[in-house]
Amino acid sequence: MIEQLFLTLLTLSATTSAVILLLGLASGLFNKNYAAKWKYWLWLALAARLFLPFNITLPTAPVEVRIPNAPMREIINIAPALPPAAANEIPEIATQAAQASPITLLNVLMLLWLAGALAFLAYHMIGYFIFRKNALRWSKVPADGRIAATLAKVAHDLGIKNEITILTSAKISSPLMTGFAKPLLLLPHEDYSATDLKFILHHELTHFKRHDIWYKLFMLIVNAVHWFNPCAYLMFREASADLELSCDDNVTHGLTASERRDYSEIILASITRQRAYQTPLSTYFYGGAKTMKNRFKNILNPNKKKNGVSVFLAMILCVVVASGFIACSTIVPTQSAGSAGHTQQLYAYKDTPLGDATKVRAIAEITKSAADYDIQEITFETTNHPYGVTITYKVPDRNVYNEHRSATQQLDYAIAAQLFVLIPDAEFVWLCYSDAYQENFDYTYLTEPDLIGYEPRYTAELLRNAAQSPSGFDTFYETVLSISAETETEIVSAGQTKGDKILAAIGPDKEIVANSGLNVTLEPTAANQAKMARYGLVDNEADIAKSREGATLEFQTYSVSDFAGENWEGYLFVFAESDLVGYRKLPNDSETLTVFRGLSE
């Protein structure tokens, strides 16, 4: 569960980055044509998308990033030179280490991510508290009564009823507001004209009314979660700049050109006083030369801008669509089957607790079937008996799967046997198979008694000894390999020639469900050719007797359906060995019996 959330986070970070870059590159054009409030809300929507740990991907994502998830000792193998006596102790130490809980590459990445996120937050939160402490230490209540009176008037005009503390502090260089539970408005000095004071307080109280400090806190948290992504820093910087632009729009709404110039001069005057550290968790009045230039252009341009609803919705749609094109998953690099390393790799997961998603997924990756289906999902039942694990595999082609259903079931038994040995709490193993439409169309459900009943070579004694010692596991694994090898040989030798030719006839949008059981064989004679022509199975001009001499004609009926399982049809196929000689659709049971009677006469 935790691992899947982390993979989802990586996917969201990658897909949303494309939209962040697009919006960042189009920032100048956007600011020229649309009000800053639309970008203000767009950044918030993008941040919310990055923060919410869910993703909607296409059934088969065009881009899939596979992260190796083997135990770290198999990725990094450092063997320094040791004295002979010490070297003799290595196998025992390695065995003990193998039985310990393995640390996978995904575990390491998650720990690095968590450490980075906590360090990022700690840096900014500590900086915030130090800044606030220093500012308060050198602060005082303004002696000029105009400041409190102007604050009360502006707050009343804006409909703000909260009590706001206002102080002057020598430790700040421009007006700002900070504080979450108790808002605090700080001024660097009291030497302001009435007009300057009105504009400054109007600006800061507008930030307060819109909850901009909370806005910036949320953006900072999202930046912390995605600290490894440069686009997250770009988003925070651009969002902070657009926050100021949109605040300026609110303050200057309805002002004359002269008043707009006065407001710009107040902002310009604060530039020369920028020297101290400004915490991101405040509404600091200055954001750099580029921000200042954009702000002046925005303030001094009184032209009405376009409604940005359509652009806002288009960008949100881009985020949703982009998220469907990339998926992250894990893969456990394995050694060749049957090698001692492979056995040790599995035995390292002995006594894995049911519900440990990382280890169970690692086991499942190692024990994947010969068809090498990717794992779509792993879920657990740990609340009520029977306890167990459900693994869902992604099947790219249901027709190929159906061709080898019995062989796949044997491999399911091998997978279940290994899971029962390595996860002692598992009372059942449920292996499901899902198609490209994420529909579960087949499954194998096994308990340990079921497994022993279905495949006698998996005895209770074999399973019990496998969990007790490395040598017992070696014996067990040799049995697994021998049964799996037989099954893989069956899959390879069976081929797909008949199935391919049937699909070519009925179309790739359908699947072969089952052989219906009505079968008959005939010799390739002229008389039988006439029967086949009568029922539309071959052309009258075909010379079956000559072209198929020595072969046996097999007439087989199959049930065929679409992938939704809604439209079922019967087909009759005629094979000469592996060659498809002819076929026809059977509209109903009556027609099927008529055809078979005619062929059998």
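**Exercise 1.** Is leucine 52 buried, partly exposed or exposed, and what is its relative accessible area?

*Solution.* The model is a predicted one. Leucine 52 belongs to the loop between helix H3 (36-51) and strand S1 (63-68). Its relative accessible area is 39%. Buried means under 20% and exposed means over 50%. Leucine 52 is therefore partly exposed. Together with Phe51 and Phe54, Leu52 makes a nonpolar surface patch of about 280 Å².

**Exercise 2.** Determine how helices H1 and H3 are oriented relative to each other.

*Solution.* Helix H1 covers residues 2-25, and its axis lies 10 Å from that of H3. The two helices pack at an angle of about 170°. Angles over 145 degrees count as roughly antiparallel. H1 and H3 are therefore roughly antiparallel to each other. Their crossing is left-handed.

**Exercise 3.** State which parts of the chain are tied together by the salt bridge between aspartate 242 and lysine 39.

*Solution.* The closest N and O atoms of this salt bridge are 3.1 Å apart. Aspartate 242 lies in helix H10 (residues 230-252) and lysine 39 in helix H3, so the pair ties together parts that are 203 residues apart in sequence. Both aspartate 242 and lysine 39 are buried. The whole structure holds seven salt bridges.

Key. Residues are numbered from 1 along each chain as its sequence is written. This is a predicted model: local features need pLDDT of at least 70, side-chain atom pairs count only at pLDDT 80 or more; totals for chains, interfaces and linings use all residues. Side-chain values use heavy atoms; hydrogens and water are left out. Patches are made of residues with over 30% relative accessible area and no salt bridge: like charges are joined within 9 Å, nonpolar side chains (Val, Leu, Ile, Met, Phe, Trp, Tyr) within 5 Å. Accessible areas come from the Shrake-Rupley method with a 1.4 Å probe; for residues, only the protein chains shown count as cover. A salt bridge is a side-chain nitrogen of Lys or Arg within 4 Å of a carboxyl oxygen of Asp or Glu. Helices (H or I, at least four residues) and strands (E, at least two) are DSSP runs, numbered from the N terminus. Buried means under 20% relative accessible area, exposed over 50%, partly exposed in between (1.4 Å probe, protein chains only). Axes are lines fitted to C-alpha atoms, for helices over the stretch in contact, and angles run from 0 to 180 degrees between N-to-C directions. Angles under 35 degrees count as roughly parallel, over 145 as roughly antiparallel, 65 to 115 as roughly perpendicular and the rest as oblique. A crossing is left-handed if the near helix is turned anticlockwise from the far one by less than a right angle, and right-handed if clockwise.
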